[in-house]
Amino acid sequence: MTDAPAPQVRVTGDNRTRLWGLTPHERVARIADKAGLAMADDQAEGPLLLVNSAFAFDPQWIGFMLARPESVLTVDGVPAMALTADAAAPNESALTTTSG
C-alpha cells in the first residue's frame, strides 16, 4: 500500500490585509513551507488544502486538517480551510458547507 501524496496548498479569496507585514498569501506560503507542503499552481493535481485568505490561523491547524481528509473547517458557518482529495475540484465548491 502506498501513502497518499501530500496535499498542496492554495490560498483562496482576495484579502490584502497585512499581518506582521505579510499578505495572507505570503504568510500561508511560509506556514506551508515549514509544514513541508508546497504551494499549488493552476496545474496542481491530487489532494489540495484550500485556505480562505479572510482568516488568520495558527499553524497547528494544518496538522488538524491533514488528519481529516475531505473535510471543511468553518468559523461561524464560513469555510476557513478545506482539504479535498482532488485538486481539480473547483475552489468555490470545496469551500462551501451544507447542513445536514
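Author: Start with burial and strand 1: four of the five residues of strand 1 are buried, so strand 1 is largely enclosed by the rest of the structure. Buried means under 20% relative accessible area, exposed means over 50%, and partly exposed lies in between, with a 1.4 Å probe and protein chains only. Helices (H or I, at least four residues) and strands (E, at least two) are DSSP runs, numbered from the N terminus. This is a predicted model, in which local features need pLDDT of at least 70, side-chain atom pairs count only at pLDDT 80 or more, and totals for chains, interfaces and linings use all residues. Residues are numbered from 1 along each chain as its sequence is written, and side-chain values use heavy atoms, with hydrogens and water left out.

Reader: How many helices and strands does the protein chain have, and what pattern does it follow along the sequence?

Author: The protein chain has three helices and four strands, and their pattern along the sequence is β-α-β-α-β-β-α. Of the 100 residues in the protein chain, 36% are buried.

Reader: How do I read strand pairing, and which way do strand 1 and strand 2 run?

Author: Two strands pair if DSSP finds at least two bridges between them. Strand 1 (8-12) and strand 2 (48-52) run parallel and are joined by five bridges. Within this pair, Thr12 stands opposite Asn52. As background, side chains in a regular strand alternate between the two faces of the sheet.

Reader: Which way do strand 3 and strand 4 run?

Author: Strand 3 (residues 71-75) and strand 4 (residues 78-84) run antiparallel, again with five bridges. Leu73 faces Met81 of strand 4 across this pairing. The two strands form a hairpin with two residues between them, and Asp76 in the turn has a positive phi of about 50°.

Reader: Which other residues have a positive phi without being glycine?

Author: Trp20, with phi of about 55°, and Glu70, with phi near 55°, are two of them. Trp20 sits in the loop between strand 1 and helix 1, and it counts as exposed because its relative accessibility is 69%. Glu70 belongs to the loop between helix 2 (60-66) and strand 3; its relative accessible area of 55% is why it is called exposed.

Reader: How do I read the two sides of a helix, and which residues of helix 1 are buried?

Author: An α-helix has 3.6 residues a turn, so residues three or four places apart point the same way. In helix 1 the buried residues include Pro24, Arg27, Val28, Ile31 and Ala32. They cover an arc of only 135° around the axis, which puts them on the same side of helix 1; the arc is that of the directions from the helix axis to the C-beta atoms. Arg30, Asp33 and Lys34, on the other side of helix 1, are exposed.

Reader: What counts as a salt bridge, and how many are there?

Author: Side chains of opposite charge can pair when their charged atoms come close. The rule asks for a side-chain nitrogen of Lys or Arg within 4 Å of a carboxyl oxygen of Asp or Glu, and the count comes to two. One joins Asp14 and Arg16 at 3.2 Å, N to O, and both of these residues are exposed. The other joins Glu26 and Arg18, whose closest N and O atoms are 3.6 Å apart. Glu26 counts as partly exposed because its relative accessibility is 35%, whereas Arg18 counts as exposed because its value is 51%.

Reader: Which residue comes within 4.6 Å of Val9, C-alpha to C-alpha, although 30 residues separate them along the chain?

Author: That is Met39: the two C-alpha atoms are separated by 4.6 Å. Met39 is found in the loop between helix 1 and strand 2, and with a relative accessible area of 27% it is partly exposed.

Reader: Which element gives the largest share of the lining of the largest pocket?

Author: Helix 1 (24-34) does, with three residues. Strand 2 also supplies at least two. The lining divides into eight nonpolar, four polar and two charged residues; Ala, Val, Leu, Ile, Met, Phe, Trp, Tyr, Cys and Pro count as nonpolar, Asp, Glu, Lys and Arg as charged, and the others, Gly among them, as polar.
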